[in-house]
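I opened the model to look up a few helix details. My entries follow in the order I checked them.

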Amino acid sequence: MQRETLDVEVRPMQHADIDEGLRLCRLAGWDQVRRDWRRFLDDPDAAVLAAVHGQDLIATIATIRYGIAFSWIGMVLVDPVAQGRGIGTTMLRDALHSLSDRASVRLDATPAGRLLYQKHGFSDECSLIRMEVTSVRVDHAPRTIVRAMTRGEVPEVVAMDGSVFGAARTGLLEWMYDGAPQFAFVAERHGNLCGYLFGRHGHQFEHLGPLVADDTHVAMSLIKACLARHQDQAFVMDTPHHDDGWIRLLESIGFRPQRPFIRMYRGLPGPFGVIRHQFAVLGPEFG
C-alpha cells in the first residue's frame, strides 16, 4: 500500500547538494564518490534533478544525452524514509519528459527497479552481472601486447569506442583517464589497437570498465595486466552476461558474482553498439 504523499520541490541539483547526494548513495549501498556527482553537474550533456522536502534532499535522478543515438538515466535514488510515496515515479516521469525528443532512452535496473521501469514502457535489452574481486590470482603475464595507456592515445581509443558503445563519449572517457590513469590499459595485435580498459575510484571498491576487446583472450590480458599492478585493492566490474566462458575466466582469477542488473530501453530498440565486444560497461550511472 502506498504511503502518504510528501510535499516536495523538484529542482536542478546543485554542487551544494553533493554531500546529501553522497548520503543517499551510502544509504543505498552504492559506491559513487564526490567526483562522480561533479561529473553529472558539470557535463553540459547531463542533468540532475533533486527532490527536496523542507531542507532535506530525498531523491535524485540523472540524465545524459549521448548525441542523437540515445540518452541514459542513472542515479535514481530515494531516501528510504521517503520510499513508497510516489517520489521515484514522479522523478522518472520528469526525466522522461526532459528526454521526450530522444528516440531511445536506456538504463541499468536492479531486479526490483525493473518492475517500475516496465510500467513506464521500458523493455529488457540484456542482463549484466557485477563481479567482485578482493583477492586476486594472477600467476603469469598476459601474452597479448598490453601496456599502460597514455593520455595521447585517448583519441584513438575514443574512435574505437564510438562504434562499440554505439555513441560518442569523448569527454567521459577523457574524464575516466584523468581520474585514474593507473587503471587505463591498451592492447595491440599486429600493431593495431584491439582492446582497452579504463577504471575509476569508488567508495569501497575500485571500478573497472569500460573494457572493450576483440575477444575474451584480449579482455583477460587487459584485466590481468591491471590486477597484477594492484593486487592489494578490491575491484568490481559490471559485465554483460553474453558469454558464460568469460564469467568462468573471471572466476578463475578470483572474481565472484555480487549482484545482477538488467539493461533496459524505451523507444526505438537497438542495436546499441556491439555487445559482443563489451566485456565490462562503465557502470549503471553512465552506461
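Predicted model: local features only at pLDDT ≥ 70, side-chain atom pairs only at ≥ 80, totals over all residues.

Residues are numbered from 1 along each chain as its sequence is written, and side-chain values use heavy atoms, with hydrogens and water left out.

Entry, α8. I looked up burial (under 20% relative accessible area, 1.4 Å probe, protein chains only). In α8, residues 244-252, I found W246, I247 and L250 buried. These residues lie on the same side of α8, because they cover an arc of only 100 degrees around the axis. For contact I used heavy atoms within 4.5 Å. The buried residues of α8 pack against β6 (123-133), β10 (206-213), α7 (216-229), β11 (235-240) and β13 (278-280).

Entry, α5 and α6. I read an angle of about 135 degrees between α5 (residues 154-165) and α6 (residues 170-179), with the axes 10 Å apart. On the α5 side V154, V158 and D161 make the contact, and on the α6 side T170, L173, E174 and Y177. I list four nonpolar, one polar and two charged residues in this contact.

Entry, R39. I located R39 in α2, residues 34-42. R39 counts as buried because its relative accessibility is 16%. Leaving aside neighbours within four places in sequence, R39 contacts G171, L172, W175 and F286.

Notes
Axes fitted to C-alpha atoms, helices over the stretch in contact; angles between N-to-C directions. Helix = DSSP H or I, 4+ residues; strand = E, 2+ residues; numbered from the N terminus. Nonpolar A, V, L, I, M, F, W, Y, C, P; charged D, E, K, R; others polar. Buried < 20%, exposed > 50% of the residue type's maximum accessible area, 1.4 Å probe, protein only. Arc of directions from axis to C-beta.
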